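Morning, everyone. I have a few minutes and one structure to walk you through. Please look at the screen.

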Amino acid sequence: MKHTPVLELQQLSHVYVNEKEASLAVEQIDLTVDRGEFISLVGPSGCGKTTVLSLLAGLFPPTKGQVLLGGERVEGPSPKVGYMLQQDYLFPWRTIRENAAIGLEISGRKTEKTLRAVDELLSELGLPDAGGRYPHELSGGMRQRVALARTLATEPEVLLLDEPFSALDLHIKLQLEDLVHQTLKRLGKTAVLVTHDLAEAAAMSDRIIVLGRNPGHIRSEISVHEHIRAAAPMAARKLPSFQELFDSLWAELDKDDGEGGRSNG
Ligand code: ADP
Ligand code: MG
């Protein structure tokens, strides 16, 4: 049986235009993501990772090409897509429950029933008693878990994650990688993670897309071996073949793309 991929990026190019200039940020990105897949976009700063996520989210239209979500052209933001950022952007004057429910509120779906689901989600994410508290009472890692609950509360099919762990201390980050991975796999969500942390990409993903810059383009795709995929991120990092995967990613990024990525005096 043929199935429609959840996401298709077709010949995607984007030019940012301002009064002074036009700059080509990404060029000819072709990518297909299957339902339930967890993919990562890695690459040097400025290679267009955030631009690609923004196009996936429908925040602005691509200059060329198109994004299909479940076979339909993306024309703007969709409730099927949730976005989680490095910054948690919780409202300080709202309780944790009210923060987590904000997407539901905006989309007119805040009811007693969905609020109970929010409480359940908070509890599943290890915050059973946090609902009535305020953001300033929580640690950075807890706040990111609230941000995840808020993203999941509206039940998106696809989660876009832009460096969601990069502001956290290492051991919190590792715990959160496991929690996010386990939660998204359990719920069968499709995820696109942007990260500059190669080990994180290797530990969390089914497939890793390596981007190059000037302009942003896909350099290569690395499929993660089944036994690394099957392990939770923290356990995956300890597998013997993990280092090999990390090294091949590193080598891929380190290849000279002839764009002055390296200084030679
Ligand atoms: P990454 O997330 O990989 O660091 P971005 O997608 O943020 O890369 O940026 C890709 C390129 O597009 C960079 O050269 C950046 O300077 C440029 N760019 C990003 N956002 C804008 C914008 N709003 N206006 C003009 N140029 C932009
Ligand atoms: Mg970025």
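I'll take the sheets, then the salt bridges.

Some ground rules. This is a predicted model, where local features need pLDDT of at least 70 and side-chain atom pairs count only at pLDDT 80 or more, while totals for chains, interfaces and linings use all residues. Residues are numbered from 1 along each chain as its sequence is written, chains are lettered from A and ligands numbered from 1 in the order in which they are written, and side-chain values use heavy atoms, with hydrogens and water left out.

Two terms to begin. Helices (H or I, at least four residues) and strands (E, at least two) are DSSP runs, numbered from the N terminus. Two strands pair if DSSP finds at least two bridges between them.

In what order do its four strands stand? The order is 2-1-4-5, with antiparallel pairing. Strand 2 (22–33) and strand 5 (72–73) are at the edges, each with a single partner strand, so one side of each has no neighbour in the sheet. Strand 5 is joined to strand 4 (residues 64–69) by two bridges. Leucine 68 has arginine 73 in strand 5 as its bridge partner.

On to strand 7 (residues 158–162). Is it mostly covered or uncovered? Mostly covered: five of its five residues are buried. Buried means under 20% relative accessible area, exposed means over 50%, and partly exposed is in between (1.4 Å probe, protein chains only). Val158, Leu160 and Asp162 point one way; Leu159 and Leu161 point the other way.

Which strands pair with strand 7? Strand 6 (residues 81–85) does, in the parallel sense, over five bridges. There, valine 81 is the bridge partner of valine 158. Strand 8 (residues 190–194) also runs parallel to strand 7, again with five bridges. Leucine 159 stands opposite alanine 191 in strand 8. Between strand 7 and strand 8 the chain passes through helix 6 (residues 170–186), and this β-α-β crossover is right-handed. Right-handed means that, with the strands pointing away from the viewer, the path from the first strand over the helix to the second runs clockwise.

Last topic: charges. How many salt bridges does the structure hold? There are 19. The criterion is a side-chain nitrogen of Lys or Arg within 4 Å of a carboxyl oxygen of Asp or Glu.

Take arginine 94 and glutamate 105, which meet at 2.9 Å, N to O. Arginine 94 sits in the loop between strand 6 and helix 2 (96–100), and glutamate 105 in helix 3 (residues 102–106), 11 residues apart. Arginine 94 is buried at 16% relative accessibility. Glutamate 105 is partly exposed at 33%.

Next, lysine 110 and glutamate 98, with closest N and O atoms 3.0 Å apart. Lysine 110 is in the loop between helix 3 and helix 4 (112–124) and glutamate 98 is in helix 2, so the pair ties together parts 12 residues apart in sequence.

Finally, glutamate 200 and lysine 173 meet at 2.9 Å, N to O. Glutamate 200 is in helix 7 (residues 198–204) and lysine 173 in helix 6, 27 residues apart. Both count as buried, at 2% for glutamate 200 and 9% for lysine 173.
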